[in-house]
Amino acid sequence: MDHLHLNNSVSNKQFGFLKGRSAEIQMIRVMGDWTNYLDQGMTVDIVYMDFMKAFDKVPHDHLLHKLQSLGIHHKIMLWLQDFLNDHSQAVLYNNCTSSSAEVRSGVPQATVVGLSSFLTFVNDLPDEVSSMIYMFADDTKLYKGISM
């Protein structure tokens, strides 16, 4: 996270778990935008998104590619690869165990590495949409003022 902050790589639309970027500050900005649209006689179309099991769905190869493109130090990249790779899972039900399968996606939600990895993974989302967008980790608001 220090690397991302030092290089101004964290989107100014992301407010999740970042120092000085609380949910309250985000809501003040959003409400200010909505009020301005309404004052101009516009309506506001809003889409709320909550990515289901978001931390479980981060593909390791895409995440590592994004981190590398941000200039993360080579030794940290190797450590992250070791942290994410070579995991497998199986299901146990009624004393029967399935065959194991390689885990190719997901970051641990309750760890600093998992949280910063997820934030990095979704960091460029605001660059890909034409609407206003604000994110709080995996909760996202998209909105646009509509002239009638």
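Biologist: Is D124 buried, partly exposed or exposed?

Modeller: Quick caveat: this is a predicted model, so local features need pLDDT of at least 70 and side-chain atom pairs count only at pLDDT 80 or more, while totals for chains, interfaces and linings use all residues. Residues are numbered from 1 along each chain as its sequence is written, and side-chain values use heavy atoms, leaving out hydrogens and water. Buried means under 20% relative accessible area, exposed over 50% and partly exposed in between, using a 1.4 Å probe and protein chains only. D124 has a relative accessible area of 31%, so D124 is partly exposed.

Biologist: Which side chain does D124 meet in a salt bridge?

Modeller: A salt bridge here is a side-chain nitrogen of Lys or Arg within 4 Å of a carboxyl oxygen of Asp or Glu. D124 sits in the loop between α5 (112-122) and β6 (132-136), and the partner is 58 residues away in helix α3 (residues 60-69). Helices (H or I, at least four residues) and strands (E, at least two) are DSSP runs, numbered from the N terminus. At 2.9 Å, N to O, the partner is K66.

Biologist: How many salt bridges does the count come to?

Modeller: Besides K66 with D124, E102 and R104 meet at 3.5 Å, N to O. Both E102 and R104 are exposed. The count comes to two.

Biologist: Which residues in α5 do H62, L63, K66 and L67 in α3 meet?

Modeller: Contact means heavy atoms within 4.5 Å. By that cut-off, the α5 residues are S117, T120 and F121.
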